[in-house]
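Look over the sequence and the model first.

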Amino acid sequence: PKVLQIIADNLKEENIPHSLIGAFALSLYGLPKFTADIDLLTEGRFWPAISKIMERLGYKCFQKTKSFAQFDSELGAYGRVDFMFVNSPEGRDILKRSIVIKDELLGDNPVIQPTDYIILKLMAIANNPERCSKDEGDILDVLNLYREGLIPGIFKKLDKKLIFIFADRFGQMERIESLFDKMFGNASNPEMFEL
């Protein structure tokens, strides 16, 4: 948590929009999971500034593509930090929909909406089918939190329509329909979903 706060403070100082994704986001939705890394979403155009910040904090980039960058600290002392880059209006919308969560352990950090978490997981499956079982499990975890009424009220209801639009775009429509059916069957509670 202290490492996260230091990185987040540096990103804020440089006016770099960012948001928690991955296991930290899942924890803030109500399902704590052990994680050895920090996953952040940001805009790709800020890469040069992010690289300088991370180097200044003792990190080295060991993998970089147009979509993501992965950093590790010397001897792993501060853990790994992964940045996922958005480069489209839809991606920037995900950042805009993020909300700041005040958490005793993690501090005050923006976190993506659960709908966007599911969308990013579907994209990850489309990009790397080998991760399918892990990412499907994460999607089911979020759906289960909604089904059980455990998602904090500060988050929006699931936008099923938006999820299905992106699932179709990523070629994952059959998968998401199956996951929704597995979790809700025919008894979807309309209070969980955006109208």
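Which residue of β4 stands opposite Lys64? Ala69 does. This is a predicted model, where local features need pLDDT of at least 70, side-chain atom pairs count only at pLDDT 80 or more, and totals for chains, interfaces and linings use all residues. Residues are numbered from 1 along each chain as its sequence is written, and side-chain values use heavy atoms, leaving out hydrogens and water.

**Strand pairing**
- Helices (H or I, at least four residues) and strands (E, at least two) are DSSP runs, numbered from the N terminus.
- Two strands pair if DSSP finds at least two bridges between them.
- Strands β3 (residues 59-64) and β4 (residues 68-73) run antiparallel, joined by five bridges.
- Three residues lie between β3 and β4 in their hairpin.
- β4 also pairs with β5 (residues 80-86), antiparallel, over five bridges.
- In that pairing, Phe68 is opposite Met84.

**Leu40**
- Leu40 belongs to strand β2 (residues 37-43).
- Leu40 is buried at 1% relative accessible area; buried means under 20%, exposed over 50%, partly exposed in between (1.4 Å probe, protein chains only).
- Contact means heavy atoms within 4.5 Å.
- Not counting residues up to four places away in sequence, Leu40 touches residues including Leu4, Ile7, Val81 and Phe83.
- Ile112 is 72 residues from Leu40 in sequence, and their C-alpha atoms are 9.7 Å apart.

**Cysteines**
- A disulfide is a pair of cysteine sulfur atoms within 2.5 Å.
- The count by this rule is zero disulfides.
- Cys61 is partly exposed at 33% relative accessible area, whereas Cys132 is buried at 16%.
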